[in-house]
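Have the structure open beside you as you read.

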Amino acid sequence: MTAADRVLLVRDGTFAALTAGGGITGRRGTSPDGLFVRDARHLSRWELTVDGAEPAVLVPAGSATPATCVLTPEGVRDQPAGYAVFREQAVASGLLLERLRLVSNRPGGITARLELTVDADFADQFELRADGRTYGKGDAVRTAEVRADGVEFSYRRGEWYSRTNMTAAPAPDEVTTEGTAHRLVWELALPAHGSTELALRVEARPDGGGEPSKAATPGEAAAELSADTMAFTGRAGQATPNPARPADPGQATPNPARPALEAIRAERGFGDAQRNALSHACAQGLTDLATLRIPATGPKGEPLKPPAAGIPWFLTLFGRDSLLSSLFALPYRPELAEHTLLTLAATQGTTYDPFRGEQPGRIVHEIRHGELARFRQVPYGRYYGSVDATPLFLVLLHEHRDLAKRLEPQARAAIDWMFKDGGLAEHGWLVYDPDPNGLVNQNWKDSEGAICFADGTQAAGPIAVAEAQGYAYDALARTAQLAREVWQDTACADRLDTAAADLRTRFVRDFWLPEADFPALALDGTGRKADALASDAGHLLWSGILDQARGERVGRRLLRDDFFTGWAIRTLAAEQTPYHPLSYHRGSCWPHDNAVIALGLARYGLYDELLTLTRGLLDTAAHHDWRLPEVLAGYSRTDHPAPVPYPHACSPQAWAAATPLALLTALTGRPADSGGGGA
């Protein structure tokens with residue numbers, strides 16, 4: 001099963017990855033299937049046979065909820081199948097629900113034999129990845145107990161205890177074991193041209209989790225999901241933002257460059273077709289953002305629903321991802337920003353823990369609830385290995401001022417971290433050291449080797465990546481405004497303004513590559529410039545750390561053929577030694593990366609380039625049924641007439657889902673501009 005073949009059902013931090021026929025095979029690697037809750041697979045086999053064989057799939061399950069497919073036993077033209085199975089599935093919080101309706105095609109009564117093989121391996125998601133790592137489990141024990149109406153699977157390791165409870169109505173006629181799996185058998189009588197039903201329910205009860213949903217049928221779960229999604233996506237009868245006008249005219253800051261933008265749009269023919277495409281992409285993006293929201297708690301224990309990063313690997317809170325997704329969506333769905341800020345404030349670092357990178361004031365990178373995190377076999381239970389989540393927290397807080405007073409202590413702690421442990425006071429830059437137990441790189445390009453020189457050599461720490469300096473500059477300038485206008489602390493405001501201005505001045509001096517007329521990707525621990533030409537430079541336009549002339553040159557450079565594929569801007573310019581179109585961060589294309597660049601192009605008045613980039617991204621969305629994936633391969637339009645998929649991409653993925661909203665903001669005028677500097 002490839003990522004394109006799987007059926008995904010998602011709700012409240014629970015997701016099921018199924019085959020087109022509604023099954024689960026125990027697949028591992030790049031596209032695992034199963035029922036997942038709190039980073040563990042609670043259902044690893046769910047394999048249906050009819051009359052002793054795998055059924056034929058007449059109608060595969062689609063993306064609608066509930067997912068429905070049509071199955072039949074084996075048959076031939078002259079002896080067609082005696083009945084059909086209409087399979088309906090949905091998930092709710094901690095729950096998979098299924099309804100099988102068998103419909104007879106015969107004029108006389110028949111008996112259908114259904115067998116369902118069920119297992120729960122309770123595998124941690126880190127075990128399922130195809131990276132060759134293994135983890136000891138000590139005294140872990142898996143058991144299963146047959147009940148009158150199903151089977152209960154359990155997993156215990158020390159104090160860790162998780163269960164999966166599967167029930168059926170009617171109860172199975174027979175239950176047999178097959179290794180750790182159980183085979184449930186039904187002999188179902190079908191009257192002439194009549195029907196019968198089988199209802200299945202799987203409750204996941206992970207260690208530390210709450211009670212599963214009380215939904216009773218797939219239809220009921222689907223109705224709850226639909227209502228929740230519409231409550232998020234719908235606004236006063238308008239389900240999606242309208243690209244023909246600013247997102248919120250009552251609050252939008254007048255944009256003096258708007259007439260020039262409108263002229264370019266008219267000249268370049270950005271008309272109804274493109275606006276409709278953007279509407280489709282925004283609608284899908286909002287739907288995906290609604291689906292990706294997960295339960296969380298705020299500083300006072302209040303229930304919240306911030307966006308998770310993506311499926312299958314990242315259905316959990318990621319500081320950077322949630323912050324940028326919320327920033328992109330802010331003019332249209334400000335509640336995402338509120339929930340993200342409060343959730344991150346509640347998990348902000350308070351002490352020193354080198355194993356997980358925690359430091360006072362630092363904003364968390366990733367939160368995991370699985371077994372390996374609990375037993376500290378991976379550092380990601382609450383992992384702080386991010387150099388940029390903390391300044392991005394401050395940027396979003398400035399844009400969501402309703403919380404600025406309430407979260408003043410957390411904002412001040414974040415500023416203190418930037419100067420102390422973040423490195424501004426000692427090194428002059430935000431820096432990180434590679435974490436041998438966690439992430440080697442701690443900016444958004446966090447794969448090993450991503451922060452490199454033009455010859456492909458990974459930079460050594462402490463590393464100062466370019467875009468994080470832009471975020472730091474922006475955060476300092478914005479927080480100075482909050483200090484002056486909200487906290488009434490002029491001394492703090494003056495200190496931060498001075499630090500921001502100094503950072504901006506030093507940046508060009510230390511990062512600029514004169515021969516390339518382009519900023520370095522990073523500075524290594526000796527101050528040497530990592531001279532690979534990378535898309536991170538576009539983030540500097542968004543933060544406003546570059547002067548107007550340099551910003552314009554950078555923006556235009558990013559739209560040349562070695563960067564721009566015709567679909568999107570590559571993470572690394574082609575024809576450099578480390579470039580690889582199927583590398584995670586050294587030649588692939590990330591929609592969210594392009595969204596940040598689009599906002600930067602708009603900020604510097606590069607409207608022609610903005611429209612070129614927007615067209616490419618909308619064409620990409622159209623090839624993916626309007627759902628932008630996490631990442632694309634770096635092949636160009638001349639290589640292939642459609643975007644080439646990256647084989648391990650998450651989809652849906654939050655900041656990719658929010659990318660069309662960022663494009664809408666860039667095209668219609670930014671509702672608010674940054675607190676200082678700027679273009």
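Start at helix H5 (residues 319-329): 11 of its 11 residues are buried, so the rest of the structure largely encloses this helix. Buried here means under 20% relative accessible area with a 1.4 Å probe, protein chains only. Among these buried residues are Arg320, Asp321, Leu323 and Phe328. Helices are DSSP runs of H or I with at least four residues, strands are E runs of at least two, and both are numbered from the N terminus.

A word on the source: this is a predicted model, in which local features need pLDDT of at least 70 and side-chain atom pairs count only at pLDDT 80 or more, while totals for chains, interfaces and linings use all residues. Residues are numbered from 1 along each chain as its sequence is written, and side-chain values use heavy atoms, leaving out hydrogens and water.

Next, look at helix H15 (residues 591-603) and helix H18 (residues 659-668), whose axes come within 9 Å and cross at roughly 10°. That makes H15 roughly parallel to H18, a label for angles under 35 degrees. Axes are lines fitted to C-alpha atoms over the stretch in contact, with angles from 0 to 180 degrees between N-to-C directions. On the H15 side, the contact (heavy atoms within 4.5 Å) includes His592 and Leu599, and on the H18 side it includes Thr659 and Leu663.

Technical notes:
Parallel < 35°, antiparallel > 145°, perpendicular 65-115°, else oblique. Buried < 20%, exposed > 50% of the residue type's maximum accessible area, 1.4 Å probe, protein only.
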